[in-house]
Amino acid sequence: MIKIAIMGYGVVGSGLVELIDENREAKKCNEEIVITSILVRNKEKHKNKNHSEVLTTDIEEFFSKESDIVVEVMGEITKSLIYVKRALNLKKHVVTANKDLLAEYGEELFELANENGVALKFEASIGGGIPVIKSLIESLEGNNINSIKAILNGTTNFILTKMDKEKLSYEEALKEAQELGFAEANPEADVMGYDAARKLSLLSTLAFRKKVSWKNINIQGITEVESVDFDYADKINCKVKLLCISNNSDEGVYATVKPVLVENESVLAQINNEVNIVIFNGDSIGEIILIGKGAGKMPTGSAVYADVLDIVNKRFTKITAFKREEAKIIENLQGECSAVLRIENSKEQDIIKKCANEFTFIQVLQTQIEGETGVLVKANSEIEIDRFIDGLLANSYVKSIKKIIKID
Ligand code: HSE
């Protein structure tokens, strides 16, 4: 018999408990998993759920109950850090879905787990139900990973899909994502791109075996994506996606989270709603693509449950990547770069002439917006486009320029 104690009984905690109960009844697990305690903020709120007899609001009572595994699905940092450290020091295995916690304190926590000879598992923290971490640290261990391209935030992908396909407003789409349990308690982390950046930092650290701090990632969320961006995307057969990119080379790591244009025929363009995708490029395997639901009760619960089972079956890998040296960060995307420029100006013909003189390719895009010139440009590098933008902005007839890069 394995005893587990769970901190948090929200969306993910409820999914986990459902799976433990269903699988116990179906006798799918060799060992019986018994829930000995569930830590909540308010017992009243959860009184009609299964296992209400083991609910507690008192952390001392929680730790006084026997447990082999502590699951942390509370989803905030301060208390989680204290409780997870306490659990590890008590030599309990820990399973967490908390990407914020690991992105901030991964080094300390994995060190503590290793010192205490216990597992700290975190499959649910990236890509919801997709077994992305297990694939990376076990199945792909023989590879040097060169790059990661991913959609890692279900909420923003859901919002962009709804704005594009159903013409919902940003606010309506966000509300729906919240109702479906995809968004963080504070959805700012989703829409500003922080959640995706934290996941990308964890994934890059594991993949490149050097520390990629989320604070060093160039982050742009979706708050400035407008309906007209979808119109421009349509004109060049593209979709708008909040993409995570991380490239590793001898020069360093380029890592970014930003809205980009992806071609309609690409696999990235097919990823809709809360679905996530991770594309690894490894030196032995080449490209490998993982797709699945990246948020929500049962997909995320499924990943937490799998971690619990791995511990029950004594399958876990020691994580050491977080104490490696910090990666050198490269600011700009290397190689050829295409982008749509939305240039607010009063001299359209001059602007078009300047673009044509500067870039290897341009396509003027018809726009309904008064005073705006839309141009798809192609250059030898992103820096070249940025320099051109800075130069244009020095002219009094140019008010503002918005750039959205296109990924091939
Ligand atoms: N808020 C997160 C998302 C939940 O939307 O992807 C899963 O980590």
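I took a cavity to be a set of points, on a 1 Å grid over the protein atoms alone, where a 1.4 Å probe fits but cannot get out, with lining residues having an atom within 4 Å of a point. The model is predicted, so I kept in mind that local features need pLDDT of at least 70 and side-chain atom pairs pLDDT 80 or more, while totals for chains, interfaces and linings use all residues. Residues are numbered from 1 along each chain as its sequence is written, and side-chain values use heavy atoms, with hydrogens and water left out.

I looked up the second largest cavity and found about 50 Å³ of space in it, a volume being the space filled by probe spheres set on grid points joined across faces, edges and corners. Its lining includes L160, F230 and N272, and α6 gives the most to that lining, with 4 residues; helices are DSSP runs (H or I, at least four residues) numbered from the N terminus.

For the largest cavity I noted about 110 Å³ of space. Of the 13 residues that line this cavity, K121, F122, I133, I137 and D307 are the closest to its centre, and α5 (132-139) contributes the most to the lining, with 4 residues.

A polar side-chain atom of K99 lies 2.6 Å from a ligand oxygen, and a polar backbone atom of G154 is 2.8 Å from an oxygen atom of the ligand.

Technical notes. Polar contact = N/O pair within 3.5 Å; in protein donor to acceptor, adjacent residues only side chain to side chain. 1 Å grid on protein atoms, 1.4 Å probe; cavity = no way out; pocket = protein on both sides within 12 Å on 5 of 7 lines; lining within 4 Å. Helix = DSSP H or I, 4+ residues; strand = E, 2+ residues; numbered from the N terminus.
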